[in-house]
Amino acid sequence: MFKKKKLPLPKKENLAFRIIMFVIISFLFALNIRLFIKPINLLPGGLAGVSLLIQQLCIKTFGFEPSYAVINLVLNLFPIYIGFRFIGKKFTFLSCIVVVLSSIFVDLIPAIKPWTDELLLYSIFGGIIHGALLSMCLLLGGTTGGTDFISIYYSEQKGVDAWNYILAFNVIVLLISGMNFGFEPALFSIIFQYVATQVVKTMYTRYQQSTMFIVTKEANKIHKAIGNLSHHGSTLFHGKGAYEGKNVDLVYSVVNSDEVDMIIKEVRSIDEHAFVNVVKTDRINGRFYNRPKE
């Protein structure tokens, strides 16, 4: 068994700093809703989208707009329980900061009139900001709540990819919105959600894997370093370099993509002449270690 070292993630070390950042993210998240989402009735997906849809339905049916904060907090009660019970207490606590404060800020920030008729601009720029804020939450050890808790629970605790179920849930929400308010906002909401998803995929790589091929003369040391740093195993192959005709070893390992730079730095400190090839991994099947949430 490898002796597991604490991963060098300085952004997570200072809890006070992280709390301040989550407060700022909460305000920006609410501002994005007021600036890009509510003016043209976009739905961002997840429980935030459901909360906005309930508001729209209440306005249409009963003629009044209920509090976004009340709706969103009630809808998030069960996901928050899932987070505290199964995912991680610190992770869920930090996520609750975003859920609570962003909900309150949405009610406090006054309504903003549409500043352009180009709905596509709302969808693209709103999606970019939404995805960037969500990525920042994830990088700092939290999330924006809602279906994120459910998705993380099923992926980490049950080994099930919940993406298709979340997608189906969002489709149902968009269909309800389309049937009540027209399908133009619903279609632009799809663009918004797609853009946000692509931004998250680019910025947050925790659940993406990379395959590392390392040609070295210090295979045993590098093998142990990978295990200590990332808690991932590796396989050693013995071979001969075709150019120099010298015996070399190949270390093969699959790691989380956000660990690659850290491992390469350690490899260079062990063998500065090592040849490292990193390949994006689309799919793995078998035991694979994921760092638990705090």
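## Aromatic pairs

The structure holds nine aromatic pairs, where rings of Phe, Tyr and Trp (its six-membered ring) pair if their centres lie within 6.5 Å, and planes under 30 degrees apart count as stacked, over 60 as edge-to-face and the rest as tilted. One of them joins phenylalanine 36 and tryptophan 115, whose ring centres are 5.9 Å apart with planes at 85°, so this pair is edge-to-face. Because phenylalanine 36 lies in helix α1 (residues 15-37) and tryptophan 115 in the loop between α5 (89-108) and α6 (119-139), the pair ties together parts 79 residues apart in sequence; helices (H or I, at least four residues) and strands (E, at least two) are DSSP runs, numbered from the N terminus. Phenylalanine 36 counts as buried at 8% relative accessibility, whereas tryptophan 115 is partly exposed at 45% (buried means under 20% relative accessible area, exposed over 50%, partly exposed in between, with a 1.4 Å probe and protein chains only). Ring pairs link Phe36, Trp115 and Tyr122 into a cluster.

## Basis of the model

This is a predicted model, in which local features need pLDDT of at least 70 and side-chain atom pairs count only at pLDDT 80 or more, while totals for chains, interfaces and linings use all residues. Residues are numbered from 1 along each chain as its sequence is written, and side-chain values use heavy atoms, with hydrogens and water left out.

## Aspartate 258

Aspartate 258 is placed in the loop between β3 (247-256) and α11 (260-270), and counts as partly exposed at 32% relative accessibility. Aspartate 258 and glutamine 209, 49 residues apart in sequence, are 8.4 Å apart in space, C-alpha to C-alpha.
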